[in-house]
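This report walks through one protein chain, part by part. Keep the sequence and the model side by side as you read.

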Amino acid sequence: MITTVTVLSYEAMRERARHDRIPATACVVSIVDPEEEPIFEEDTERIITLKFHDLDPQWPVDPERDPRPSYVLMNADHAQQIVAHVLKFHEHPERWECLVHCMAGVSRSGAVATFVQRLAGVPAEHFLTQNAGLHPNGYVLKLLMREWTRRRGRGWSRRMSRA
């Protein structure tokens with residue numbers, strides 16, 4: 001079962017990985033911009049890496065101010081990967097910490113961590129104290145909730161919204 005959720009920035013996670021400070025009892029959701037170098041060379045039983053930008057399809061994009069040729073939005077496949085990974089450790093009988101990072105450790109990782117916090121029943125006060133300054137990406141959280149609803153049924157989403 002997941003008992004703790006910690007949000008980190010890219011740099012903080014890279015430092016932990018560099019110095020072998022990722023506990024054996026931690027699962028990791030690593031999110032990077034597609035043009036950035038992943039922290040982990042490959043996925044393992046405990047670590048998954050996803051590549052998508054911190055966007056919502058409803059946000060305006062100004063191609064004059066942002067020269068990137070294309071954007072990668074989070075999609076249903078990403079949501080399926082994240083939910084499957086988190087469930088594997090949430091349903092495990094041992095205690096697990098879930099480490100989540102994105103580039104800044106605020107929006108995409110904030111959404112994933114909020115989803116994990118609600119799923120695992122981590123008290124909101126404890127979660128917010130440990131992870132101050134989050135601004136979860138609503139689109140990312142919506143896709144995760146939609147995938148969970150698809151897997152488990154609608155009762156969970158109502159219960160989660162009250163957590």
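Is Lys 88 buried, partly exposed or exposed? Lys 88 counts as partly exposed, because its relative accessibility is 35%. Keep in mind that this is a predicted model.

## Confidence in the model

The mean pLDDT of the chain is 91. Of its residues, 91% reach 70 or more. One stretch stands apart. Over residues 155-159, pLDDT stays under 50. For this stretch the model has 6 contacts beyond four places in sequence.

## Helix H2

Lys 88 lies in helix H2, which covers residues 76-90. H2 has 15 residues. From its first C-alpha to its last, H2 reaches 20 Å. That is close to the 21 Å expected at 1.5 Å a residue. The N-terminal end of H2 has a cap, Asn 75. A side-chain oxygen of Asn 75 lies 2.9 Å from the backbone nitrogen of Asp 77.

Which residues of H2 are buried? They are His 78, Ala 79, Ile 82, Val 83, His 85, Val 86, Leu 87 and Phe 89.

## Salt bridges across the chain

How many salt bridges does the structure hold? There are 7. One of them joins Lys 88 to Glu 45, with the closest N and O atoms 3.4 Å apart. Lys 88 sits in H2 and Glu 45 in the loop between S2 and S3, so this pair ties together parts that are 43 residues apart in sequence. Glu 45 counts as exposed, because its relative accessibility is 55%.

Another salt bridge links Asp 33 and Arg 108. Here the closest N and O atoms are 2.8 Å apart. Asp 33 is in the loop between strand S2 (26-32) and strand S3 (47-51), while Arg 108 is in helix H3 (residues 108-120), so the bridge ties together parts that are 75 residues apart in sequence. Asp 33 and Arg 108 are both buried.

## Helix H5

Now turn to helix H5, residues 138-152.

The buried residues of H5 include Tyr 139, Val 140, Leu 141, Leu 143, Leu 144 and Met 145. Glu 147, Trp 148 and Thr 149 are buried as well. Glu 147 also forms a salt bridge with Arg 150, at 2.8 Å from N to O. Both residues lie in H5, 3 residues apart, which is about one turn of the helix. Arg 150 is exposed, at 55%. Salt bridges that share partners join Glu 147, Arg 150 and Arg 151 into one network.

## Asn 137, at the start of H5

Asn 137 is found in the loop between helix H4 (124-130) and H5. This residue is buried, with a relative accessible area of 1%. What does its side chain reach at the start of H5? A side-chain oxygen of Asn 137 comes to within 2.9 Å of the backbone nitrogen of Tyr 139.

Asn 137 has another polar partner. A polar atom of its side chain lies 3.3 Å from the backbone oxygen of Leu 55. Leaving out residues up to four places away in sequence, Asn 137 touches Asp 54, Leu 55, Trp 59, Ser 107, Arg 108 and Ala 111. Arg 108 is the residue that forms a salt bridge with Asp 33.

## The cysteines

How many disulfides are counted? The count is 0. A disulfide needs the two sulfur atoms within 2.5 Å. Cys 98 counts as buried, because its relative accessibility is 0%.

Cys 102 is in no disulfide either. Its nearest cysteine sulfur belongs to Cys 98, 13 Å away. Cys 102 is buried, with a relative accessible area of 2%.

Key:
Residues are numbered from 1 along each chain as its sequence is written. This is a predicted model: local features need pLDDT of at least 70, side-chain atom pairs count only at pLDDT 80 or more; totals for chains, interfaces and linings use all residues. Side-chain values use heavy atoms; hydrogens and water are left out. Helices (H or I, at least four residues) and strands (E, at least two) are DSSP runs, numbered from the N terminus. The expected span of a helix is 1.5 Å times one less than its number of residues. Buried means under 20% relative accessible area, exposed over 50%, partly exposed in between (1.4 Å probe, protein chains only). A polar contact is a pair of N or O atoms within 3.5 Å; within protein, one must be able to donate a hydrogen and the other to accept it, and residues adjacent in sequence count only if both atoms are side-chain atoms. Contact means heavy atoms within 4.5 Å. A salt bridge is a side-chain nitrogen of Lys or Arg within 4 Å of a carboxyl oxygen of Asp or Glu. pLDDT is the predictor's confidence in each residue, from 0 to 100.
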